[in-house]
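This report looks at salt bridges and at one helix in the structure shown below.

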Amino acid sequence: MQPTADIDPRTRPLAGAAPAETAAPARRGWRLRREWVQAWLLLAPALILLFAFTHLPAIQTVIDSFWSTPRGRRPAAFVGLANYARLLEDPIFIRAMVNNAIYAAITIPASIALALVMALFVHGRLFGLGFVRMAYFTPTVLPLIAVANIWLFFYLPGIGLFDQIRGIFGLPARNWVGQPATALYAVMMVTIWSQAGFFMIFYLAALQTIPQSLREAAALEGASRWTFFRRVTWPLIMPTTLFISVNATINAFRTVDHIFVMTQGGPNNASMLLLYYIYEQGFRFWDTAYAATLTVVMVTILAVVGIGQFFLLDRRTHYR
Amino acid sequence: MSTLAHHEGPFDRALFVAGAWTLAIVWLLPLAYAAWTAIHPPAFVARFELFAPLTAENFVRAWNAAPFGRYYINTILLVTMILAAQLVLCTLAAFAFARLEFPGRNVLFALVLMQLMVMPDILIVRNYATMSALGLLDTILAIGLPYFASGFAIFLLRQTFKTVPRELDEAARVEGCSLLGVLWRVYVPLARPTILAFGLVSVSHHWNNFIWPLIVTSSVNTRPLTVGLSIFATTDSGVEWSVINAATLITSGPLLIGFLLFQRQFIQNFMRAGIK
């Protein structure tokens, strides 16, 4: 903590009496450096892999976005902002951005609201608590690919349970996934179903930290369940809500597994999302430069979310 | 407790329970419907009769129609390899961040946290090029490699290591324990709940991961279950739904059964891994 104290000249005469103490500054310096080397050796394997597959590719992606895609004998050429100009004129990219915005605007609040309702239901006493909690959480355990298959079947025109229930009320069969008007919303249902139970866990954890004394005090005051929720629970679980919001936002951009099974971005790009478009450009059309440009957009969005989180959440000293 | 704390009548209570149960049943419907068709003959796909004959035929047909056995082995190899690598690499790194003083610590830790936002999942184009350059395309190693250094694991373990009392650490050193000895004998045993929690999250995440494995694999010998299932369900359009549903349950079976058996621990561990 105070290395300067040891080499203070005024302590010299005293220290001179004991040889062990004169050696102290030198040894401390050596030990300190040994600790550095130890730390770097411990960190090296993880950090090398981290840089190799996260930081360097992110930087390389930005560089790639200023070059053209090498094709055949034609090598990559520097094209400046041409790829970005193409972005702005690409109707499918704009469609994907709009879709992703709608997708985020609906799935995030819906998942959070449902997660909170679920947590309130299974927090405390309830008949059949174990079963109910299991029912809420089970979709989270399934692979999203499997979930998508299950829902594709659920939506099946005529045969699927969805249409069968509509049939009871005399409504006609509809192709939910195959129509541009409903495809994106059909996909959103799947997202909400698969993630609400996961977010419930965070709320459950937060609800358990609310002191029992507050409940008792509220009961003495004669506060209703709703008042208690609005005045006590909701403000206290606010950090959790923010944390879940950030996670849900990231998920809204990074999780598109179900698109592969259900719609492939169609029909007519009605359910095209940004990451799926990156995949399509990068691995169907092999236009790697354009895919890199799209990835830059994606990284920018996630970085903004990250910075936002830093400012919103850091007051609670999450990273201390 | 809540009946004590709040003024509510039996009517409120009934409404509350009914709401909880309705949501639970609605939430289980899609899965229950898929399970129904998987265990009944195709004739009962859309007919609900309580005493419809049960059958394992769909599972047998699904299992024989695609190399699910091989996919299983691939997925198990994959999740085991990722978890082992993550635990070793991230424990070492987290220990350095938690207990050692060295220049660049804060900057490096900030770089680690950045991975929580910008994860390998979205850098697929560039990472594919890297794997291609390394000659690793279509290997199980290539599926796992980008996830070995997990920012989340480093963060989680660092937080846990920081709660270990310094006195224990110093006592072990006085006894002549080396740095790695202290880590292994003091820190790792105390962090066991966190390690278990992270292990569950990691295994279920990588069991379910799809896009990156889809991109880097191109043969039966490397494809994990999720990729195998997607190929099975989309290319063979002639396959009956009852068989596809059986295949869907086959791929998610172990996680589902594991979850149902250890539900309480599962949820508690997810909670532990989630609390920051």
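In this predicted model, the side chains of R126(B) and D64(A) meet in a salt bridge, with 2.7 Å from N to O. R126(B) belongs to helix α6 (residues 124–133) of chain B and D64(A) to helix α3 (residues 19–64) of chain A, so the pair joins two chains. R126(B) has a relative accessibility of 24% and therefore counts as partly exposed.

| Salt bridge | N to O distance |
|---|---|
| R126(B) and D64(A) | 2.7 Å |
| R86(A) and D287(A) | 2.9 Å |
| D169(B) and R173(B) | 2.8 Å |

The side chains of R86(A) and D287(A) meet in a salt bridge, and this pair links distant parts of the chain, 201 residues apart, with R86(A) in helix α4 (residues 82–89) of chain A and D287(A) in the loop between α14 (274–283) and α15 (288–313) of chain A. R86(A) is partly exposed at 36% relative accessibility, whereas D287(A) counts as buried at 10%.

D169(B) and R173(B) are four residues apart in helix α9 (residues 166–174) of chain B, which means that about one helical turn separates them. Of these two, D169(B) is buried, at 3% relative accessibility, while R173(B) is partly exposed, with a relative accessible area of 34%.

Helix α14 (residues 241–261) of chain B has 21 residues and should span 30 Å at 1.5 Å a residue, which agrees with the 28 Å between its end C-alpha atoms.

Terms used:
Residues numbered from 1 in each chain as written. Chains lettered and ligands numbered in written order. Predicted model: local features only at pLDDT ≥ 70, side-chain atom pairs only at ≥ 80, totals over all residues. Heavy atoms only, no water. Expected span 1.5 Å × (residues − 1). Salt bridge = Lys/Arg side-chain N within 4 Å of Asp/Glu carboxyl O. Buried < 20%, exposed > 50% of the residue type's maximum accessible area, 1.4 Å probe, protein only.
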